[in-house]
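Colleague: I would like to learn how to read salt bridges in a model. Please take me through them.

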Amino acid sequence: MMAKPLFVLTFALFIFAFPSAKGGEILLKDDFSDAKDSVRRASRGDWTFSDGIASCTQDDELYKKYKDHGPIIFYDLAHKDASISFSFKATDAKSVVFTANGDKGHVFRFVMSSKGLSVRAFPPDSETKSIATGREPDVQLNSGQWTEVSVQLKGDSATIKIGDSFEKTYQHASYDLPKKNLSIGFAFGSISVKNWVVTK
């Protein structure tokens with residue numbers, strides 16, 4: 001008579017004891033249910049927030065005003081190692097850019113476009129502004145399709161997973177620097193973003 005309740009209790013304890021087994025401790029989660037958020041800064045465009053999705057279409061006048069930089073969402077979050085996951089759908093966009101920034105500027109960045117995926121590092125004490133740590137011509141931006149992304153920043157390594165078919169780790173000493181914010185931006189067309197989660 002006690003077997004079933006005991007099983008249910010054991011299962012419930014398992015669920016609550018390991019709430020973040022897949023991604024660790026949650027540092028930030030944005031369900032885009034509110035247009036205002038204390039750590040989110042949406043700029044360079046008219047962003048809307050509805051049904052768990054943040055959306056924006058580029059305004060060409062604003063693009064020129066911000067010196068050829070498109071709409072962007074920043075998250076102010078001090079961290080060092082973290083895993084970031086989200087999904088985006090870009091329509092008629094030329095590029096989608098994810099960046100982790102530190103006190104002295106960019107630390108890590110990837111750019112997706114019709115030319116593929118470009119991964120970059122930004123050595124703080126180098127005369128070179130940035131260097132390519134990876135180029136993946138087959139990982140291209142698909143217009144009008146939802147794309148799942150995860151980025152794990154751990155020490156001097158950055159592991160990028162896109163969809164179910166691509167996962168690769170890149171290394172550079174500058175990736176180990178402390179970060180103070182994260183961002184996703186795009187150029188031309190429109191974008192929708194959902195399920196933004198940062199875990200430790």
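**Salt bridges**

Modeller: A search of the whole structure finds five salt bridges. A salt bridge here is a side-chain nitrogen of Lys or Arg within 4 Å of a carboxyl oxygen of Asp or Glu. The model is predicted, so local features need pLDDT of at least 70 and side-chain atom pairs count only at pLDDT 80 or more, while totals for chains, interfaces and linings use all residues. Residues are numbered from 1 along each chain as its sequence is written, and side-chain values use heavy atoms, leaving out hydrogens and water.

Colleague: Which side chain does Asp30 meet in a salt bridge?

Modeller: Arg40, at 2.7 Å from N to O. Asp30 sits in strand 1 (residues 26–30) and Arg40 in strand 2 (residues 40–43), ten residues apart. Strands are DSSP runs of E, at least two residues, numbered from the N terminus.

Colleague: Is Asp30 buried or exposed?

Modeller: Buried, at 4% relative accessibility. Arg40 is buried too, at 7%. Buried means under 20% relative accessible area, exposed over 50%, partly exposed in between (1.4 Å probe, protein chains only).

Colleague: What does Asp76 pair with?

Modeller: Arg41, with the closest N and O atoms 2.9 Å apart. Asp76 is in strand 5 (residues 72–79) and Arg41 in strand 2, so the pair ties together parts 35 residues apart in sequence. Asp76 is partly exposed at 33%; Arg41 is partly exposed at 39%.

Colleague: Where do Glu136 and Lys168 lie?

Modeller: Glu136 is in strand 10 (residues 131–136), Lys168 in strand 13 (residues 166–171). Their side chains meet in a salt bridge at 3.0 Å, N to O. Glu136 is buried at 12%, whereas Lys168 is partly exposed at 38%.

Notes
Helix = DSSP H or I, 4+ residues; strand = E, 2+ residues; numbered from the N terminus.
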